[in-house]
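Here are a few exercises to work through with the model open beside you. Try each task before you read its solution.

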Amino acid sequence: MSDATLHSVTQDPDDFAVQIADSIESFIVATTEVAKGDEPDSAVPFLLLEISQLLLAGGRLGAHEDIVPDERYEPDAGPDLDVDELRERFAVMLEPVDVFSEVFDPYEPRKAPVPARISDSLADIVTDLRHGLAHYRAGRTSEALWWWQFSYFSNWGPTASATLRALQSLVAHVRLDQPLADLAGLDTDEDLTEDDLAEEAGRVMIEEIAGPLGLGRRKV
């Protein structure tokens with residue numbers, strides 16, 4: 001299936017695979033556009049919206065019965081496209097708020113939060129989604145759905161969920177006039193405890209990030 005036939009009128013728009021593929025391609029296109037930095041003032045709210053919509057597709061994949069690919073071994077989808085430029089663009093754009101803390105597994109008792117980066121997360125999500133899209137465009141629909149479902153559980157789903165929580169928290173902090181803990185000084189390669197995170201966290205005034213990231217207060 002080529003790019004030209006991805007949205008062919010002969011495809012049933014109610015078909016599960018078509019809807020999932022459309023949602024995933026829409027996220028990739030939109031996220032790539034945001035990374036260009038043409039409208040930095042709306043970056044965070046737009047990313048919040050896009051990841052929310054992506055997770056709806058992920059939820060549908062998660063609720064679906066196990067998808068079994070047609071072939072026993074995964075066909076070669078070709079090399080994954082480089083996402084370093086996307087990662088770097090987001091790292092620069094989101095520099096004041098790029099680092100956040102997350103709990104990797106909420107069901108693992110007394111698991112300490114770890115630092116993560118929104119820019120890394122977005123690049124990782126796009127990499128996973130593109131891999132499945134390569135199968136879909138080649139006509140290997142069951143392989144694409146299997147990959148998207150598997151990687152939703154194993155990687156891009158948890159990553160997107162954590163990123164959504166960070167973005168939602170960021171917007172809430174600004175709209176509610178609550179100062180943010182600054183994790184920009186943390187090294188995401190370190191294995192830090194909760195006490196370490198608290199000790200390293202500083203205070204960032206809302207006005208330093210609200211304007212540039214399009215997070216001004218709105219009346220409700």
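**Exercise 1. Find the element that holds Ser101, and decide whether Ser101 is buried, partly exposed or exposed.**

Solution. Keep in mind that you're looking at a predicted model. Start with the element: Ser101 sits in strand 1, which covers residues 99-102. Next, check the surface: the relative accessible area of Ser101 is 36%. Buried would need under 20% and exposed over 50%, so Ser101 ends up as partly exposed. One more thing to look at is Arg117, 16 residues away from Ser101 in sequence, with the two C-alpha atoms 8.4 Å apart in space.

**Exercise 2. Work out how helix 1 and helix 2 run relative to each other, and describe what they touch with.**

Solution. Two packed helices are described by the angle between their axes and the distance between the axes. Go through it in steps:

- Locate the pair: helix 1 spans residues 16-35 and helix 2 spans residues 43-63.
- Get the geometry: their axes come within 10 Å and cross at roughly 160°.
- Name the arrangement: angles over 145 degrees count as roughly antiparallel, so helix 1 and helix 2 are roughly antiparallel to each other.

**Exercise 3. Say where Val83 lies, whether it is buried or exposed, and which residues it contacts.**

Solution. Look between helix 2 and helix 3: Val83 is in the loop there. Its relative accessible area is 7%, so Val83 is buried. Now find the contacts. Setting aside neighbours within four places in sequence, Val83 is in contact with Ala123, Val126, Thr127 and Arg130. For a sense of the sequence separation, take Leu122: it is 39 residues from Val83 along the chain, yet the C-alpha atoms are 9.4 Å apart in space.

**Exercise 4. Describe how helix 3 packs on helix 4, including the hand of the crossing.**

Solution. Helix 3 is residues 84-93 and helix 4 is residues 118-137. The angle between them is about 155°, and the axes are 8 Å apart. The two helices are therefore roughly antiparallel, and their crossing is right-handed. On the helix 3 side, the contact uses Leu86, Arg87, Phe90 and Ala91; on the helix 4 side, it uses Ser119, Asp120, Leu122, Ala123, Asp124 and Val126. Split by class, that gives six nonpolar, one polar and three charged residues.

**Exercise 5. Now take helix 4 and helix 5: what are the angle and the axis distance, and which residues make the contact?**

Solution. Helix 4 and helix 5 pack at about 165°, and their axes are 7 Å apart. That makes helix 4 roughly antiparallel to helix 5. Helix 4 goes past helix 5 in a left-handed crossing. The helix 4 side of the contact includes Leu129, His131, Leu133 and Tyr136, while the helix 5 side includes Ala144, Trp147 and Trp148. By class, the residues divide into six nonpolar, five polar and two charged.

**Exercise 6. Decide whether Gln149 is buried or exposed, and list what it touches.**

Solution. Gln149 lies in helix 5, which runs over residues 141-154. Its relative accessibility is 4%, so Gln149 counts as buried. Not counting residues up to four places away in sequence, Gln149 touches Leu61, His64, Glu65, Asp66 and Ile67.

**Exercise 7. Zoom out: how many helices and strands does the protein chain have, and what share of its residues is buried?**

Solution. Count eight helices and four strands. From the N terminus, they go α-α-α-β-β-α-α-α-β-α-β-α. Of the 220 residues, 40% count as buried. Finally, the chain exposes about 12,400 Å², with carbon and sulfur atoms supplying 51% of that.

Note on methods:
Residues numbered from 1 in each chain as written. Predicted model: local features only at pLDDT ≥ 70, side-chain atom pairs only at ≥ 80, totals over all residues. Heavy atoms only, no water. Buried < 20%, exposed > 50% of the residue type's maximum accessible area, 1.4 Å probe, protein only. Areas by Shrake-Rupley, 256 points an atom, 1.4 Å probe, with all protein chains shown as cover. Axes fitted to C-alpha atoms, helices over the stretch in contact; angles between N-to-C directions. Parallel < 35°, antiparallel > 145°, perpendicular 65-115°, else oblique. Left-handed = near helix turned anticlockwise from the far one by under 90°. Contact = heavy atoms within 4.5 Å. Nonpolar A, V, L, I, M, F, W, Y, C, P; charged D, E, K, R; others polar.
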